[in-house]
Amino acid sequence: MREWLMAIREEKRLSQKDVSEKVGISQPSYNNIEHGIPGKGPSVSTAKKISEVLGFDWTRFYDDPSVAQAVSHKAV
């Protein structure tokens with residue numbers, strides 16, 4: 001679970017639906033990203049959009065080993 005992501009979203013007083021609509025993805029997809037479902041890490045473009053909406057550096061997603069691993073598998 002990406003508690004840091006949930007904390008940022010809640011600090012901004014946004015629901016998962018709010019963020020997903022602003023980013024252009026479904027709420028279940030955003031939920032998978034926020035909860036760190038294996039293999040459900042965000043693409044770089046989605047990570048950038050989420051970070052823009054929530055106001056943090058998009059590379060923070062890749063500080064999380066579970067996301068970095070999922071992205072590296074997608075690139076293969």
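Which side chain meets K17 in a salt bridge? E21 does, at 3.9 Å, N to O. Salt bridge here means a side-chain nitrogen of Lys or Arg within 4 Å of a carboxyl oxygen of Asp or Glu.

A word on the source. This is a predicted model, where local features need pLDDT of at least 70, side-chain atom pairs count only at pLDDT 80 or more, and totals for chains, interfaces and linings use all residues. Residues are numbered from 1 along each chain as its sequence is written, and side-chain values use heavy atoms, with hydrogens and water left out.

Back to the pair. K17 and E21 both sit in helix α2, four residues apart, about one turn of the helix. Helices are DSSP runs of H or I, at least four residues, numbered from the N terminus. K17 is exposed at 51% relative accessible area, and E21 is exposed at 53%. Exposed is over 50%, buried is under 20%, with a 1.4 Å probe and protein chains only.

Q16, V19, S20 and V23 are buried. They cover an arc of only 95° around the axis, so they share one side of α2. That arc is taken from the directions from the helix axis to the C-beta atoms. The buried residues pack against α1, α3 and α4, contact being heavy atoms within 4.5 Å. After α2 comes G24, with a positive phi near 90°.

The salt-bridge count is two. The other pair is E34 and R9, at 2.7 Å, N to O. E34 lies in α3 and R9 in α1, so this pair ties together parts 25 residues apart in sequence. E34 is buried, at 0% relative accessibility. R9 is buried too, at 8%.

Key: Helix = DSSP H or I, 4+ residues; strand = E, 2+ residues; numbered from the N terminus.
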